[in-house]
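Biologist: Before we begin, could you take me through this structure step by step, and set each term you use against its cut-off?

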Amino acid sequence: MITKNTSIIEVLRSIPQSREVFIKHGMSCVGCMGAVMETIENGARLHGINVEVLVKELNDTILKK
């Protein structure tokens, strides 16, 4: 299960289709260095995204997998 404390890169590596969720929310920096160092919560905050909604959608992606 993904939490707000999970690193962005960990999610991208384990669930490649999560990239589409990040991009949908305006986090097109999934290929930048920030993805390596940031948690989902920090990335969401920097982009003005509701972290709870983002985490839910990422976890929904796991269920579809």
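Predicted model: local features only at pLDDT ≥ 70, side-chain atom pairs only at ≥ 80, totals over all residues.

Biologist: What makes K64 count as exposed or buried?

Modeller: K64 has a relative accessible area of 74%, and the terms are set so that buried means under 20% relative accessible area, exposed over 50%, and partly exposed in between, with a 1.4 Å probe and protein chains only; K64 is therefore called exposed. K64 lies in helix α5, where helices (H or I, at least four residues) and strands (E, at least two) are DSSP runs, numbered from the N terminus. Residues are numbered from 1 along each chain as its sequence is written, and side-chain values use heavy atoms, with hydrogens and water left out.

Biologist: Which residues of α5 are buried, and what do they pack against?

Modeller: The buried residues of α5 are V51, L54, V55, E57, L58, N59 and T61, and they pack against α1, α2 and α4, where contact means heavy atoms within 4.5 Å.

Biologist: Why is the pair E57 and K24 called a salt bridge?

Modeller: A salt bridge is a side-chain nitrogen of Lys or Arg within 4 Å of a carboxyl oxygen of Asp or Glu, and the side chains of E57 and K24 meet at 3.0 Å, N to O. Because E57 lies in helix α5 (residues 51-64) and K24 in helix α2 (residues 18-24), the pair ties together parts that are 33 residues apart in sequence. K24 has 59% relative accessibility and so counts as exposed.

Biologist: What separates D60 and K56 along helix α5?

Modeller: D60 and K56 are 4 residues apart in helix α5, which means that about one helical turn separates them. These two also form a salt bridge, with their closest N and O atoms 2.9 Å apart. D60, at 27% relative accessibility, counts as partly exposed, whereas K56, at 52%, counts as exposed.

Biologist: How many salt bridges does the structure hold, and which residues are linked in a network?

Modeller: There are 4 salt bridges in the structure, and K4, E41 and R45 are linked in a network of them. Within it, the side chains of E41 and K4 meet at 3.8 Å, N to O. That pair links distant parts of the chain, with E41 in helix α4 (residues 40-47) and K4 in the segment before α1 (8-14), 37 residues apart.

Biologist: Why are E41 and K4 called partly exposed?

Modeller: E41 has 23% relative accessibility and therefore counts as partly exposed, and K4, at 33%, also counts as partly exposed.

Biologist: What makes T6 count as buried, and which residues is T6 in contact with?

Modeller: T6 lies in the segment before α1 and has 10% relative accessibility, so it counts as buried. Leaving aside neighbours within four places in sequence, T6 is in contact with V11, T39 and I40. A polar atom of the T6 side chain also lies 2.9 Å from the backbone nitrogen of T3.

Biologist: Where does T39 lie, and what does its side chain reach?

Modeller: T39 is in the loop between α3 and α4, and its side chain reaches the backbone nitrogen of N42 at 3.1 Å. With neighbours within four places in sequence left aside, T39 is in contact with K4, N5, T6, S7 and I8.

Biologist: Why is G31 called exposed, and V36 partly exposed?

Modeller: G31, in the loop between α2 and α3, has 71% relative accessibility and is therefore called exposed. V36, in helix α3 (residues 33-37), has a relative accessible area of 44%, so V36 is partly exposed.

Key
Polar contact = N/O pair within 3.5 Å; in protein donor to acceptor, adjacent residues only side chain to side chain.
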